[in-house]
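Here are my notes on the model, as numbered points. Please read them with the structure open.

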4 protein chains.
Amino acid sequence: MIELPSERPLDLDRADPEREIRVRAEAFRNWGRWGDDDRLGTLNFIDDAARARAASLVRTGEVVSLAQSFDTDGPQRGWRRRTNPVHTMTDTGVEAQYIGQGFPHGFGGADDVISMPLQCSTQWDGLGHIFDHGMAWNGRPAGEVVTSEGDLVTGIEHAAASVVGRGVLLDVGRHLRPDTGELEDGYAITAGDLDATIEAQGARSAVGRGDVLLIRTGQYARTRRNGWGEYAGGAAPGLSLTTAGWLHRREIAAVATDTWGFEVRPNEFDAAAFQPLHQVVIPNMGLTIGEMWNLDELAVRCAHVGRFEFLLSAPPLPITGAVGSPINPIAVL
Amino acid sequence: MIELPSERPLDLDRADPEREIRVRAEAFRNWGRWGDDDRLGTLNFIDDAARARAASLVRTGEVVSLAQSFDTDGPQRGWRRRTNPVHTMTDTGVEAQYIGQGFPHGFGGADDVISMPLQCSTQWDGLGHIFDHGMAWNGRPAGEVVTSEGDLVTGIEHAAASVVGRGVLLDVGRHLRPDTGELEDGYAITAGDLDATIEAQGARSAVGRGDVLLIRTGQYARTRRNGWGEYAGGAAPGLSLTTAGWLHRREIAAVATDTWGFEVRPNEFDAAAFQPLHQVVIPNMGLTIGEMWNLDELAVRCAHVGRFEFLLSAPPLPITGAVGSPINPIAVL
Amino acid sequence: MIELPSERPLDLDRADPEREIRVRAEAFRNWGRWGDDDRLGTLNFIDDAARARAASLVRTGEVVSLAQSFDTDGPQRGWRRRTNPVHTMTDTGVEAQYIGQGFPHGFGGADDVISMPLQCSTQWDGLGHIFDHGMAWNGRPAGEVVTSEGDLVTGIEHAAASVVGRGVLLDVGRHLRPDTGELEDGYAITAGDLDATIEAQGARSAVGRGDVLLIRTGQYARTRRNGWGEYAGGAAPGLSLTTAGWLHRREIAAVATDTWGFEVRPNEFDAAAFQPLHQVVIPNMGLTIGEMWNLDELAVRCAHVGRFEFLLSAPPLPITGAVGSPINPIAVL
Amino acid sequence: MIELPSERPLDLDRADPEREIRVRAEAFRNWGRWGDDDRLGTLNFIDDAARARAASLVRTGEVVSLAQSFDTDGPQRGWRRRTNPVHTMTDTGVEAQYIGQGFPHGFGGADDVISMPLQCSTQWDGLGHIFDHGMAWNGRPAGEVVTSEGDLVTGIEHAAASVVGRGVLLDVGRHLRPDTGELEDGYAITAGDLDATIEAQGARSAVGRGDVLLIRTGQYARTRRNGWGEYAGGAAPGLSLTTAGWLHRREIAAVATDTWGFEVRPNEFDAAAFQPLHQVVIPNMGLTIGEMWNLDELAVRCAHVGRFEFLLSAPPLPITGAVGSPINPIAVL
């Protein structure tokens, strides 16, 4: 029997990241759960019946886009060569109007191109995005999965028809900080915080198998007011490593936050650590993670109608071999 | 009173493209219909009630992705500087496994970037994509709308929360060519063909206000079997210019095909012409057009269950100022 | 007779940029000087004989590269969508060594791609880079020269065989600030400063017809020591607008500095102004300007040997239609 | 004592590529020749004295650019994700003239960006471009040299001040095919062909230590007349594998041709082989190779003046970590 790590809030040995990561990686590992050939991980928890139920949640038909903008005014600072998108025009209306473009009969057109990191703005992390001790999702050696040609096994194109289902918003920022709605940078959200938010929002906010969990910290609202600052990689509120078991037991399909990095930053160890919760949940649990979502308008709408569940549609672009995808997630209320 | 152009099949004066385009542009122009500030055109036909009804169409919860792949094996040949996407990795699993990446405690990662035209694969044309005699959607001078900084007025980000609603597939290829399911290149689909397909598929395939109409020609299936050939810009089946009125009267929100260019190619004039139906419906009617959709699996599933209507979710990526967007449209059956 | 503007140091009416720019634009305009079809401007001053003389300057054969690096650690901050270069690998040695690449007989390879603004690092400004009241070099309407397809007339490819000649370094930073070798940000270099530097360096530092003049301010050395700060677009030492006549009378072929913007910043007017010396010398004089050159090692070598003239080879990449080019300028001593 | 492979023309065992490659790799290996830390290989053969002598070759001062164009009309077809360059404008003269750009006092500007493989047009192969059985130049394991971050050891930036010296053109196409000046595709140039061309051109065409050897096959002229066809990777004239020893003994610094791939294609083996001469000369000999040079105008000029030697300046762009560089090589006659 596997000894599950404690889940008392923040009960971590801050001096021993190796062990804290390892025990969770082993305890919450889903390798083989969906067969040796699996490419989807916890997205398998969403089945057709779950999607049909999710569609039945729609009441008013109101749609909210959960995407941040894709443009040069984004938060990226160059870390890991991540820039903001560079969007340029190859034809313009100015030319159609003033000088003509060589088309007959008054036809005119504009066209455009983009260069961008796939994780520059609102995104899904693919299963090939993170490794644990050289191993990728489902126990595959990382070098057999992601080469310079891309993710040859779990490329995000395999999830093209997957991420549609029941979404649940937990507005932890509003619950814990009712005055501002914003958790402070460095705040580690615990399993207890998640449970308390559910309790406050009502039983219909409980999350279970196949759900897509959206966690609002409020940091995005703060950066929109104050400027990006260190949004990309700096201090931020986010999930504690100690929530790994909670996420595992709920059998959620995917989880997303309004922050750059999903988990709390700085990470919860004295010694150097880097995104330990990613290391546990992506390659081991097979959990799909969303980052840089805009949950502010959704939070307002959900609070207004008193319901925090909805139909969520957030399929990735099927970029062959990608380890992430820009997305425009849609909530239908 | 405006004299409506004839809509008898292919009743065009092939020698007078100027007039044939102009009369339709004037007859089916929606400028001002949604106010002077409108940025959405016919997408306004989708309202919350329409989306709620669309959600209620979901039966089995089966999801079909309507996207083609985004990779270097796509059809682009360089016309208007449109290349296939170039996707490259900035970190790989090979390195995580064999040489390490400088992260602590066994953490490893892969990251990636992309360069691509926004209309390289499955896409929406934004309202700023096409102009008519120097005028953009809603009667705005093209030069005030799309500059080298992008579409300053009708950028596709404004449609971020719009394109979710009832989708209807008209499998014209299957109806007209029951043996192959594929229309031949150069075949001009008429209003009569659309009506006949609806009649054959049944009354639930009728399209009306706020619907998103998907028209399958079968050309994509042919190119997948035989190679891309001239898929990007060459001869193709597609809508006749004479369908403009049919599209207008149905008050559809958007329309998409499985071809590169939506309308029949070569275009239906003896003299040089270029995408005359685009010229009528985008800047004048305000119709959002989808191209390069993969409708083959959807056609199989719809035929199997005998229903050709479904919940369609196809929001664009909110790329600020873009005149088009790569998309992964999702049908939920 | 044209009234030449005063060239007393900094004798500008800081409240009247329009006039100060206009009188210089008119006084130093070279339109038509090399015929109506000219595409080279002052690069015409370099002829074969000048290049032969320049080659004869070579003594030791020592080569100094005058390029800054091209990488993500550069100074760009996103202004005008100018990012630092993003260089990515499409194949790597790690894969050749550890997993193989599918080539026979032990062959392995690495390949790479880049996305970058053409003026992200060491560069030439092409003649189509700047306009004056809608007019481009040689009196052409700007809209007939540079469209979204690029510079159709004076694209930098036309200078592919031009920029080889005598280079002269004026180390103004060292002359005026012998202790640090660095002018302070905002310092406006005058014609008198240039003359004084020549006098200090010796008669062989005089510049004349067809020479390429390199002016070292020392700002680049400071940023390399202290961090880029606002190197890209912030305060900087540079040429005063009042040097326009000096540059014109010398009949130099081109001029370059070690700063982002060539001329002093903030610009020398109380009211808003933007790069007025560019506006005078590029579209009017036809002068090719280099920016972001690394002149520090060259300055050391020149001082060491007591000669500040050399063979300079700095041809642009012939990117069709470009209004600028990344370069690696070479001085042969 | 190493047994040198035979150099009788085309004396290869076409059935044994492994052996033919290995014996040459071992025989002509320069590992350690310039110390364990070397990053330049045969570029070390160019010293200051050689450059001073090269400069003294200049007679008329005429300059010839040896670059092909960099634009979308290039030969790339997508192999290894190599596309032609995509150059786009971020500002245009059309806007400066017709609608203004928000700058004061009549200032206007145009700016541009590019996305391109570093080996899309005229280029140097860096020393990290090719590996032999997992080993890179100077005996380093390939995985320690080129990662997804680029070439960490022999990145082309280290050659920024190197490639200036004596150039010698051997117009083999003209010598062997005096009527057309063009070798047929698949023609393997032998050491004897090189010697015969030198003899025909005269003693001043002999090549030796530190020279940069330019070999014209004439294929580029043919493709410019007939269309690119399979220029990128198809059949082509080029050097025979049997020239490896000739190249080694001459102690040249670098070599370039007017073809896509430098060596003859198809390669000279019955069994599958891929660029065996690259495999011998880049990682083993440390030879810098140039490809896709335009040698046609240079050939005309050299023939006209009866001299085939000149000052060559072809420094790479110092793109940090690049395994190749776009270049505009310049010959000064």
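1. Start with polar contacts. Three residue pairs make them across the interface of chain A and chain D, both residues at pLDDT 80 or more. A polar contact is a pair of N or O atoms within 3.5 Å; within protein, one must be able to donate a hydrogen and the other to accept it, and residues adjacent in sequence count only if both atoms are side-chain atoms. On chain A, the elements giving two or more residues to the side that touches chain D are β2 (86-91), α3 (93-98) and β4 (111-117). Helices (H or I, at least four residues) and strands (E, at least two) are DSSP runs, numbered from the N terminus.

2. Basis of the values. This is a predicted model: local features need pLDDT of at least 70, side-chain atom pairs count only at pLDDT 80 or more, and totals for chains, interfaces and linings use all residues. Residues are numbered from 1 along each chain as its sequence is written, chains are lettered from A and ligands numbered from 1 in the order in which they are written, and side-chain values use heavy atoms, with hydrogens and water left out.

3. Extent of the A–D interface. Chain A puts 13 residues in contact with 13 residues of chain D (contact: heavy atoms within 4.5 Å). The two chains bury about 980 Å² between them, 61% of it on carbon and sulfur atoms. Buried area here is the accessible area (1.4 Å probe) that two parts lose on being put together, summed over both.

4. Charge across A–D. How many salt bridges are there between chain A and chain D? The count is zero, taking a side-chain nitrogen of Lys or Arg within 4 Å of a carboxyl oxygen of Asp or Glu.

5. Symmetry of A and D. A rotation of 179° with 0.0 Å of shift along its axis superposes chain A on chain D, RMSD 0.0 Å. The two copies are therefore related as by a two-fold rotation axis. Superposition is by least squares on the C-alpha atoms of residues with pLDDT of at least 70 in both. Of the interface residues of chain A, 100% are also interface residues in chain D, so the copies meet through the same surface.

6. D:Thr259. This residue sits in the loop between β15 (254-257) and α9 (276-285) of chain D. Buried or exposed? D:Thr259 is buried, at 0% relative accessibility (buried is under 20% relative accessible area, exposed over 50%, partly exposed in between; 1.4 Å probe, protein chains only). A polar atom of its side chain lies 3.0 Å from the backbone nitrogen of D:Phe262.
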